[in-house]
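Here is a short report on one protein. Keep the sequence and the 3D view open as you read.

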Amino acid sequence: MSDLIEKQDLVKETFNWEVPVESVPLPSQGKVYPKNSPLYNRQFIEIKSMTAREEDILMSSALIKQGKVLSQLLASCIVDKTIDPDELLSGDRNALMVAIRITGYGASYSAVTNCPHCSAKSKQEFNLGDLSIKRLEIDPVGEDQNIFECKLPVTGKTVHFKFLSGREEEERSISISRMKRLTGGQAVDRDVTSRLEYQVVAIDGISDRNAIGQFISKMPARDSRALRRHIKDNEPGIDLSVDMKCPECLKQGRVALPIGANFFWPE
C-alpha cells in the first residue's frame, strides 16, 4: 500500500472525511483518441477536489519555470493515473481545469474585462458553473483519429487538420518564445501561421511538412480565415463567452472570459 493511500486511510479513519470525487464530461467524448489510449471513447473523467497539496503545486517555482504547473495539477487531480494530462486535447484540458478550480475555490470568479462597446475596463463577477460544454459535433475522417476535413473556398484545396493537445500547445509556445529570444523580440508574431502549421496534417493528400509550411505562408487570406473559423467553431471544449454589463456606458455585451493569474488564486 502506497504512502498516499495510507495517509488517506488515516484521514478517513481519524477525521471521518474523504476528498470528494466528481465526474467531468469530456467535450471530445473520447472520439479523437487512439484505441490503445485510456481516453478512447471516454465520456467522463473523475477528478478529486483541490486540496492544500494542489496549492503546493500551484506555488512551485520550479514547475512555474518549467511551464509544467497545469499538467502537474491535472495529474494530481485526475483519479485514473494511467491518463497522461498532456495527451488530452486543449479543450478537454480546459474543461477539467475549470472543474478543478470550482472544486477548490468555488464557481465565483472576478476578472477585469473591456467593454465591447466603449472599451472601458471594469471588474466583473462571473459564475464558472454557467459555462457550457462545447461538444465535438463533427466526425473525424476515421474512427479513433484526431483528423478532420475542411474544403477551402478560394483555392478549393481539401485540408486535413487536427485539434492540438496540451503537449503540442506547449511545444508551439516554446518554439514561439525561442524565436522571439533569438531575434530580440523583433520577429513578426507568427501566431496565425505557426498554429496552422501545427494543426494542418495534409493538403490535397500531401503531408510533406515543408510543402505544407510554404502553402500556409502563401495561402489566400480568405482561405486562412475560413480554415481558422472552421477549426474554432468545431473545436470541442468550454464555451468561454460570457455576458457583462458595463458600469460606464450601461450597455450589455458578450466577451471572452479573461483567464488571469487569479483564476487559481481568487481574492
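## Helices H4 and H5

H4 and H5 are roughly perpendicular to each other, because angles of 65 to 115 degrees count as roughly perpendicular, under 35 as roughly parallel, over 145 as roughly antiparallel and the rest as oblique. Their axes cross at roughly 70 degrees and come within 11 Å. Axes here are lines fitted to C-alpha atoms, for helices over the stretch in contact, and the angles run from 0 to 180 degrees between N-to-C directions. Helices (H or I, at least four residues) and strands (E, at least two) are DSSP runs, numbered from the N terminus.

Which residues make the contact? On H4 they are Leu-70, Ser-71, Leu-73, Leu-74 and Cys-77, and on H5 they are Arg-93, Leu-96, Met-97 and Ile-100. Contact means heavy atoms within 4.5 Å. By class, seven of these residues are nonpolar, one is polar and one is charged. Nonpolar covers Ala, Val, Leu, Ile, Met, Phe, Trp, Tyr, Cys and Pro; charged covers Asp, Glu, Lys and Arg; the others, Gly among them, are polar.

## About the model

This is a predicted model, where local features need pLDDT of at least 70, side-chain atom pairs count only at pLDDT 80 or more, and totals for chains, interfaces and linings use all residues. Residues are numbered from 1 along each chain as its sequence is written, and side-chain values use heavy atoms, with hydrogens and water left out.

The protein has nine helices and 11 strands. Its C-alpha trace spans about 70 × 55 × 40 Å along the principal axes. Of its 267 residues, 37% count as buried. Buried means under 20% relative accessible area, exposed means over 50%, and partly exposed lies in between (1.4 Å probe, protein chains only). Among contacts with a separation of 6 or more, 61% join residues 24 or more positions apart.

## Two more helix pairs

Two packed helices are described by the angle between their axes and the distance between the axes. Take helix H2 (residues 52–59) and helix H4 (residues 69–77): their axes come within 9 Å and cross at roughly 165 degrees. H2 and H4 are therefore roughly antiparallel to each other. The contact is made by Arg-53, Glu-54, Ile-57 and Leu-58 of H2 with Val-69, Gln-72, Leu-73, Ser-76 and Cys-77 of H4. Five of these residues are nonpolar, two are polar and two are charged.

Now look at helix H6 (residues 166–182) and helix H7 (residues 191–199). Their axes come within 11 Å and cross at roughly 140 degrees. H6 and H7 are therefore oblique to each other. From H6, the contact uses Glu-168, Glu-169, Glu-171, Arg-172, Ser-175 and Ile-176; from H7, it uses Asp-191, Ser-194, Arg-195 and Tyr-198.

## The nonpolar core

How many residues does the largest nonpolar core have? It has 55, and Ile-45 and Leu-227 have the most contacts inside it. Helix H5 (residues 90–105) gives the most to this core, with six residues. A nonpolar core is a set of buried Ala, Val, Leu, Ile, Met, Phe, Trp, Tyr and Cys residues joined through side-chain atoms within 4.5 Å.

Leaving aside neighbours within four places in sequence, Leu-227 is in contact with Cys-150, Leu-152, Val-159, Phe-161, Leu-196, Val-200 and Met-219.

## Two loops

Tyr-40 sits in the loop between strand E1 (21–25) and strand E2 (44–48). Tyr-40 is partly exposed, at 24% relative accessible area. Not counting residues up to four places away in sequence, Tyr-40 touches Gly-30, Tyr-33, Pro-34, Lys-35, Glu-143 and Asp-144. Asn-41 is in the loop between E1 and E2 as well.

Asp-144 lies in the loop between strand E5 (133–134) and strand E6 (148–151). Pro-140 is also in the loop between E5 and E6. Pro-140 is buried, at 17%. The C-alpha atoms of Pro-140 and Lys-31 are 8.0 Å apart, though 109 residues separate them along the chain.

## Positive phi

Most residues other than glycine have a negative phi. Asn-41 has a positive phi of about 55 degrees. Asp-144 has a positive phi near 50 degrees.
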